[in-house]
There are 2 protein chains.
Amino acid sequence: MLGKPRRLALLAEGSFSASDAKTAVGLLRYRPEEVVAVIDSTKAGRTSRSCVGVGGDIPVVANLEAAAAFEADGLVIGVAPQGGTLPSSWRQTVAEALLRGWDIFSGLHQFLADDLELATLAASKGCTIHDVRRSPARRPIASRRAAAVDAMVLLTVGSDCNVGKMTTSLELKQALTAMGLRAKFVATGQTGILIADHGVAVDAVVSDFVAGFTEELVIEAARDADVVIVEGQGALHHPAYSGVTLGLMHGACADAMVLCHAAGRTHLRVSEAGPAPRIKSLSELIRDYERAAGWVQPARVLGVALNTTTLDETEAKRALEHANQLTGLPIVDPVRFNAEPLAQVIARRCEERRRDAGAA
Amino acid sequence: MLGKPRRLALLAEGSFSASDAKTAVGLLRYRPEEVVAVIDSTKAGRTSRSCVGVGGDIPVVANLEAAAAFEADGLVIGVAPQGGTLPSSWRQTVAEALLRGWDIFSGLHQFLADDLELATLAASKGCTIHDVRRSPARRPIASRRAAAVDAMVLLTVGSDCNVGKMTTSLELKQALTAMGLRAKFVATGQTGILIADHGVAVDAVVSDFVAGFTEELVIEAARDADVVIVEGQGALHHPAYSGVTLGLMHGACADAMVLCHAAGRTHLRVSEAGPAPRIKSLSELIRDYERAAGWVQPARVLGVALNTTTLDETEAKRALEHANQLTGLPIVDPVRFNAEPLAQVIARRCEERRRDAGAA
């Protein structure tokens, strides 16, 4: 990861669950070979799989010292809290990791390398603090250039935050690759960047340049790809993050979208107490996403990825069928079942575009 | 301005026109008593009014030395170029101003106080570089709290960038104040901040916090106001800036909007050569803005502010009538004619809300 193979400890103290430890779970699912332990004293002694469903027998341990016994050489901040600030109790753990000579990987808005004490410690031990959410110093301004790439651009969008946009993107990439297509994943968030070793966390970029950075990423990825799959962020109906979502949409100039939703979730996750806004129906969401895309570049929603974690298997299958009846589109749970029915529709659309381009 | 009355020179070298020198024109319109000269060697010897229609007899001079003859004590970067970078030829002028002991006011994305050479110069001369686009260090997350304020929140939105959102906001504030209402202006861009001595440049904020900062500004302004007028940014259909616009909309949770448009402009101003996207009709724009607002908090467009600078008086009046027929809404050019017809509709809506709140 970021330069060389790693032996990582994932810090998820008090929050090692599928819903709270987004970054940890992403790495356990897609780069388990580089994880040696997860730190959460409240679940020490268990395996990763028993806590979050992935990561097999990777042990959950009580503290940094226990992780060191597995010869860890790096510490990842395994949560992505709203607001992006380091829980104060974790600061000491980061300092301890640096004292042991480990590199640090953080996706927080608060840059750890800007913390004078931590930076000094890192320098004295010769280790590196990777703030993966820190954006490049450029100031790119978007101008629909991504609409002109030859590759098909697919964007995952969501009914809310944390519904599976990154996972759906990665699963679709895998399925399309298996079908013989050159599929590329464009990471736009901290976990995606850690997994892909590349990307820009667009929610940490100065707002004038969200679309511009997205455009750059798409154009770069499109050079040797049939399909570029862009990881979406936020949600168009979310009071805090809708601007990030729309900037990303208009920068990507996608040809098609996949709508992601967490089955059973009825209300948006907002930071304050008080009545949370209701999530609209899938049909309304599809209509709104297609409208908003069309303000800059028309794009159709080709299908829905339903995260059915909270349902049992029978309920899950029923939820997929129900969503299919409601929307008339292919519905998949790419993790629990598989992404193929949706990947096939995408591949067909890709083929159509190629034919149209050839005819033109 | 920013602490004390000033004697400002406005730097607009080679670009002192109404369309290019947005920041200079804003200050000349709303704080002319603090401007002593405009620097543009291509127009030296003329008056401000003859170049941009405002600023009366304030002289346009060839260089910094000539501005110094008018006892200037501050230099304002008078343009807001796309990308926000300091034109390289201007850097020398900034350095010269610092050598004379002037304070610097810049609304660029590129922070001048972070330039080691300029910062050292400023320190040695005891002067201050004000980067008004630099955002506070907080990380506020929005959650529809602005929807709960007692004041009526009005947001200006646009068909494109640079169509008159700030000017319309300030003119409406004046008209509403004249009608006896307590009207507050919320500045969200660099020029507005220089004029109001307060605000946050939301286009320079990390994208996750655009809505959050807007929410804070609205709540603060609403404390002792009947109407809070929020300066809009960008445009929902602009490929580069739509995300800023939507974040601002959803943070402000406005009760009503005013659509701003430059009469006669048919295409969006985008940075690249190539075909610029067409601007939609006023009715389509109103529909799209109301839809997008409604994803978080319903808001109606109450009227249209038409910037008719490019038309003669007869054409201008015809344009207002035509827009009125098209939309059925009050249409004003708040600068050329006056904002009152629109201010009256806003005042009525304000009264309605108060009655409804009283009845509830």
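Colleague: What percentage of the 360 residues in chain A is made up of buried residues?

Modeller: A residue counts as buried if 20 or more other C-beta atoms lie within 10 Å of its own. In this predicted model, buried residues make up 57% of the 360 in chain A.

Colleague: What radius of gyration does chain A have, and what would a compact globule have?

Modeller: A compact globule with 360 residues would have a radius of gyration near 21 Å; chain A has 20 Å, which agrees. Its C-alpha atoms fill a box of roughly 60 × 50 × 45 Å along the principal axes. Of the contacts in chain A with a separation of 6 or more, 72% are between residues 24 or more positions apart.

Colleague: How many helices and strands are there in chain A, and what is the order of the open sheet of 6 strands?

Modeller: Chain A has 12 helices and 12 strands. The open sheet, with parallel pairing, has the order E3-E2-E1-E4-E5-E6. Strands E3 (60-61) and E6 (129-131) of chain A stand at the edges with a single partner strand each, so one side of each has no neighbour in the sheet. Helix H4 (residues 88-99) of chain A packs on the sheet, touching strands E1 (8-11), E4 (74-77) and E5, and its direction makes about 145° with that of E5(A).

Colleague: Which strand is joined to E6(A) by 3 bridges?

Modeller: That is strand E5 (residues 103-106) of chain A, which runs parallel to E6(A). Phe105(A) has His130(A) in E6(A) as its bridge partner.

Colleague: Which rotation superposes chain B on chain A?

Modeller: In general, a rotation about an axis and a shift along it relate two copies of a chain. Here the rotation is 180° with 0.0 Å of shift along its axis, at RMSD 0.0 Å. The two copies are thus related as by a two-fold rotation axis. The same surface serves both copies, as 100% of the contact residues of chain B recur in chain A.

How values were computed
Residues are numbered from 1 along each chain as its sequence is written. Chains are lettered from A and ligands numbered from 1 in the order in which they are written. This is a predicted model: local features need pLDDT of at least 70, side-chain atom pairs count only at pLDDT 80 or more; totals for chains, interfaces and linings use all residues. Two strands pair if DSSP finds at least two bridges between them. Helices (H or I, at least four residues) and strands (E, at least two) are DSSP runs, numbered from the N terminus. Two residues are in contact if their C-beta atoms, placed from the backbone, lie within 7 Å. Axes are lines fitted to C-alpha atoms, for helices over the stretch in contact, and angles run from 0 to 180 degrees between N-to-C directions. Copies are superposed by least squares on the C-alpha atoms of residues with pLDDT of at least 70 in both. The radius of gyration is taken over C-alpha atoms; the globule rule is 2.2 Å times the number of residues to the power 0.38. A residue is buried if 20 or more other C-beta atoms lie within 10 Å of its own, exposed if 12 or fewer, and partly exposed in between; C-beta atoms are placed from the backbone.
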